[in-house]
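Please open the model in your viewer and keep the sequence panel beside it.

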Amino acid sequence: MSDTGTVRPAARAYIGSFTSAGGLGVLAADVDPGTGALTVTGGSAALADPSFLALAGPVLHAVSETEPGAVAAFDVTGPAPRPLGGPVPVDGAAPTHLAVADGHLVTANYASGSVTVLPLAEDGTARPASAVLPHEGSGPVADRQAAPHAHQVLPDPTGRWVLSVDLGTDSVRICALDPAKGTLTLHGETALRPGTGPRHLAFHPDGRHAYVLNELAPTLTVCRWDAATGLLEPLAETPVVPEGTTGPSYPSEVVVAPDGRFLWAAVRGDDTLAVLTLDPEGAEASLVATVPCGGNWPRDLTLDPTGRHLYAANERSGDVTWFTVDPETGVPARAGSVEAPAASCVVLG
């Protein structure tokens, strides 16, 4: 797939889960560098429903997907995550995603349809929210798109922009973060096909294309990304399930190979991992295979930095399954799993 001689495999993994569904909170695990196997070393149930995680050096950040929502930080220098202070409110409801951007923590708040900015203190913990940017709009799927539902937020590869993916409004917002003030300013909004319900986005390694995975239509929207102007332009939409699939199919997460040759998507309902090939420029994606996810309801999908191993967090079967990726075809083969009740997220570091 790629020259991994200078890329170090992940040494540790962190698993988030829904404590309200029997999850154990945040788990830490060692990663075998050869096989990718996980061995759980400890956990913390100090935070309710830590459904998504973000690693920043020795500090692990977690959302609390509750109403009202919050974030919390953990020291991960030991075998088990250790809470650093208590939860910090995000001034929004049910945050589903967070990212670190220019000295700040940014959260996507699903239920309230907003994005929150929280400055980070010197010890890596979050301070009170400095800004909340509400989304506006709706979509045609009445039971899922009556209001905005921010589902993911992440900086672009240059760090100049912060993008938020909104399932409720069928759009991606591009914002500028002012690190001095801790505020977000809306720069532009890219509309996607109505009713697709965009959930998560991933960038091509060259930073010139982005791939939006749609939850309500099991498709991937390929976009051109211009970091100079902050413009996201949809190019094409391609399925992530085979033709004739009856579903229901609810895609959840998308990851791209370090060399830009392959893309993988997790699909709940079908309980599959879709394998797509990308053309040399990254402007075209084609579905070439699907494989079982190793469990039930794959909520998250993570790729090892070397591109050799994939990890699926299977929420309803309560496990994290790892796969070895064929370097020629991109097709993953199941290699093992570890128990993780109500698993919702895997982060490697």
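A residue is called buried when its relative accessible area is under 20%, exposed when over 50%, and partly exposed in between, as found with a 1.4 Å probe on protein chains only. This is a predicted model, in which local features need pLDDT of at least 70 and side-chain atom pairs count only at pLDDT 80 or more, while totals for chains, interfaces and linings use all residues. Residues are numbered from 1 along each chain as its sequence is written, and side-chain values use heavy atoms, with hydrogens and water left out.

Select D170 to begin, and look at its backbone: phi is positive, about 55 degrees, although the residue is not a glycine. D170 sits in the loop between β14 (161-166) and β15 (171-178), where strands (E, at least two residues) and helices (H or I, at least four) are DSSP runs numbered from the N terminus. Is D170 buried or exposed? With a relative accessible area of 4%, D170 is buried.

D91 is exposed, its relative accessible area being 53%.

Now select L53, L60, V71, F74, L98, L105 and L118, which have the most contacts inside the largest nonpolar core, a group of 23 residues. Such a core is a set of buried Ala, Val, Leu, Ile, Met, Phe, Trp, Tyr and Cys residues joined through side-chain atoms within 4.5 Å. The elements giving two or more residues to this core are β2 (26-31), β4 (53-56), β5 (59-64), β6 (70-75) and β29 (343-348). Centre the view on F74: leaving aside neighbours within four places in sequence, its contacts (heavy atoms within 4.5 Å) include V26, L47, L60, P81 and R82.

From there, move to P68 in the loop between β5 and β6, where a cis peptide bond joins E67 and P68 with omega about -5 degrees.

For the next stop, display β17, β18, β19 and β20, which form, in that order, an open four-stranded sheet with antiparallel pairing; two strands pair if DSSP finds at least two bridges between them. The edge strands, each pairing on one side only, are β17 (198-203) and β20 (231-239). Within this sheet, β19 (residues 219-226) and β20 pair over eight antiparallel bridges, and T219 stands opposite P239 in β20.

Finish at P248, in the loop between β20 and β21 (250-256), where the peptide bond from G247 to P248 is cis, with omega near 0 degrees.
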